[in-house]
Amino acid sequence: MRIATSHLGNLYITIKAWVQKLGLGGNLIIPPANNQRTLSLGVKYSPEGLCLPFKMSLGNLIEACEMGADTLVIAGGAGICRLGYYAKIQEQILRDLGYNFEMIGLSMSEHKLFGLPKLIKRLSNNASWFKVISALRFAVAKQIAMDKIERVVQKVRAVELIKGTANQLYAKAIEAIDNADDYNTLKKVQIDYIDQLNHVAKDTQTKPLIVGIIGEFYVVLEPFSNLNIESELGKLGVEVRRRTFISEWAKFSLFFNSLGLDEKSKIHKAALPYLKRDIGGDGWESVGEKVLHAKEYDGLIHLAPFTCMPEIVAQNIMPSTKENIPVLPVLCDEQINKTGMLTRLEAFVDLLKSKRRARNNTQHKES
Amino acid sequence: MIKVGIPRALLYYQYYPMWKAFFEELGAEVVVSLPTTQTMFSSGSSRVVADTCLPVKIFLGHVLSLVEKCDYIFIPAIRSVKRKAYNCSKFLGLPDMTKAVIPESPPILDIDIDINKGKRHLYQAIYKLGQRLTWNPLKVRQASLAAWQAHLEYRQLMSSQGLTPPQAIAKMAGEVEPKAPTSTQATIALIGHPYILYDEHISHRLIYRLEETHNKVLTPEMLTTEELESATARLVGKAHWTYEDEVAGAGGHYLESEADGVIGLMTFGCGPDSLMMDMVHRRAVKLKATPFISLTLEEHTTEGGIATRREAFLDMINRRKRRQIEVCA
């Protein structure tokens with residue numbers, strides 16, 4: 001059995017760690033990191049009206065099949081936008097292309113990750129639960145370490161004197177985490193890199209602008225699909241904040257949600273005056289986050305795939321909220337290009353700067 | 001008398017008789033917007049972000065045309081009418097979106113319909129809606145029973161007599177229905193959501209044009225629920241979308257039936273349709289029995305563009321039929 005799944009940010013490292021800890025490392029196929037070819041393949045074989053996450057993940061699966069994968073795991077489920085339908089169509093497309101494989105749909109609808117235990121048991125060759133869970137714990141620890149480092153990187157990028165230092169360190173850290181084999185090394189790597197990041201030469205005079213990234217899960221987490229927007233913002237001296245991290249999501253989907261805790265209840269409550277119900281995807285959260293962060297941040301960037309249904313509703317509702325904050329919507333699709341996006345980011349950052357200046361001036365006058 | 005406005009768009013075609021019976025039983029007067037015009041589309045379109053889909057833009061145009069004419073506007077948020085099948089986000093967010101982009105609109109009567117939450121929740125939702133017009137729970141009950149009766153009668157009219165929703169609505173209102181033109185040419189099945197097929201502004205009067213050239217037109221509503229459901233099950237397995245039957249079900253059924261050709265109508269940017277049409281298309285390619293064409297409509301589509309494709313498609317079907325006759329002879 002050779003298993004593969006599509007990419008989502010650096011999730012592949014976690015999956016790899018998990019599978020390796022179970023002693024099944026040879027069974028896992030990791031398709032090449034998202035690149036232009038992935039996108040081209042996905043676009044070529046997808047129905048035209050579909051969203052970018054579909055096209056990208058299809059590209060991943062095609063590349064995985066080319067590498068000899070025979071078991072594909074695809075996320076899906078009811079009640080959550082088009083994602084629930086992905087598996088059906090992707091299976092059809094891949095079969096029509098002549099690949100032979102077994103398809104495993106991972107349902108993550110309102111039951112959250114309900115079907116997971118059975119799936120794990122099957123994929124892990126009936127390893128004992130103790131082994132599965134301890135391997136999973138280690139894998140999640142890796143994800144948490146990566147996300148912790150990324151949070152520091154987001155801060156450092158904005159103020160580093162030599163642009164690009166944080167990104168280099170981050171890449172090295174990811175590699176080191178990928179190679180780490182036990183908790184001790186992992187912990188050492190984490191402390192070591194956070195320490196190094198904290199000692200990067202920084203501009204301590206200016207207070208960086210703070211921009212929140214909100215929007216659809218996939219394009220927020222997949223740097224290839226949003227043209228590495230966080231890093232570009234860092235170059236412009238902007239500190240990026242976001243709520244969506246794989247480790248956070250996994251923590252709640254796997255454990256806390258089943259205990260009845262909902263990390264998003266605060267966000268939903270904030271959205272309530274403007275959007276009363278869940279509309280699937282991350283639409284409700286987008287509206288809620290705008291309301292919540294209006295006071296804290298200088299601006300927001302709303303990322304969404306082109307034709308994303310929930311985010312279009314959110315986009316229509318967001319301008320009407322009382323809580324006001326500049327929002328730049330960025331639609332991601334195969335046509336998006338770097339120059340166009342950079343121009344818009346620069347203009348947006350200029351606007352935020354002048355806004356902050358104006359606010360500081362009025363404060364000076366008042367005091 | 002309280003006036004309740006119902007926009008002639010989106011779910012109007014599925015549920016109008018039901019809604020009308022409900023509100024009239026509660027003593028309200030129902031005001032329906034006029035058929036879609038270019039002005040309605042432009043006014044609706046100016047309120048929302050560009051990549052909102054065409055039917056929603058038109059819906060908002062209808063709401064705008066009702067603003068001065070009624071005391072309430074009825075916009076339901078229908079999440080699910082079938083177990084484990086959900087609706088597109090735009091239907092769920094419709095009341096809130098309308099409120100956000102049309103602040104001048106009269107108060108919105110909204111209702112959450114979600115079958116997955118159970119009967120109790122459904123009854124409560126209906127009662128909550130009724131309460132906005134009356135204090136009397138018995139009256140709400142009476143109204144909802146009348147509404148359900150009207151809906152059954154409406155479905156019955158369409159599936160047994162082969163009427164389209166606008167014809168059935170006209171018949172229920174006691175109007176004289178126009179006589180169906182004689183059909184001597186091909187039988188063409190149209191698949192797609194009713195708010196696309198029967199909105200002449202969106203579909204560029206495709207049904208009328210087909211009938212004008214003596215073709216018989218079949219639509220999803222002319223099939224019974226059982227036929228639709230079994231066809232959906234054969235094509236895609238378990239339905240994922242609330243209105244999957246109208247596209248995947250009808251498409252699957254007509255591809256295997258006596259229809260000479262199937263035309264799929266969808267609008268650009270429609271999430272569910274982009275997937276379902278693809279499923280139907282793949283089935284058509286595999287069966288190689290019935291010709292299939294899918295037309296994507298948007299605000300820049302012109303009647304001429306549709307006409308060219310319609311004519312080419314019909315020519316192809318007629319040539320095919322002639323050849324079949326020759327082969328038989």
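**Helix packing and nonpolar cores in a predicted model**

H1(A) and H6(A) cross in a right-handed sense, meaning that the near helix is turned clockwise from the far one by less than a right angle. This is a predicted model, in which local features need pLDDT of at least 70 and side-chain atom pairs count only at pLDDT 80 or more, while totals for chains, interfaces and linings use all residues. Residues are numbered from 1 along each chain as its sequence is written, chains are lettered from A, and side-chain values use heavy atoms, without hydrogens and water.

Helix pair

- Helix H1 (residues 11-21) and helix H6 (residues 129-159), both of chain A, pack with axes 8 Å apart at an angle of about 155°, where helices are DSSP runs of H or I with at least four residues and axes are lines fitted to C-alpha atoms over the stretch in contact, with angles from 0 to 180 degrees between N-to-C directions.
- H1(A) is therefore roughly antiparallel to H6(A), a term for angles over 145 degrees.
- In contact (heavy atoms within 4.5 Å), residues of H1(A) including Leu11(A) and Trp18(A) meet residues of H6(A), among them Phe138(A) and Met146(A).

Nonpolar cores

- The largest nonpolar core has 147 residues, and Phe54(A) and Phe23(B) are among those touching the most other members; such a core is a set of buried Ala, Val, Leu, Ile, Met, Phe, Trp, Tyr and Cys residues joined through side-chain atoms within 4.5 Å, buried being under 20% relative accessible area (1.4 Å probe, protein chains only).
- A second, separate core of 29 residues includes Leu221(A) and Val238(A).
- Beyond four places in sequence, Phe54(A) touches residues including Tyr86(A), Ile93(A) and Leu275(B).

Definitions and conventions
Buried < 20%, exposed > 50% of the residue type's maximum accessible area, 1.4 Å probe, protein only. Helix = DSSP H or I, 4+ residues; strand = E, 2+ residues; numbered from the N terminus. Parallel < 35°, antiparallel > 145°, perpendicular 65-115°, else oblique.
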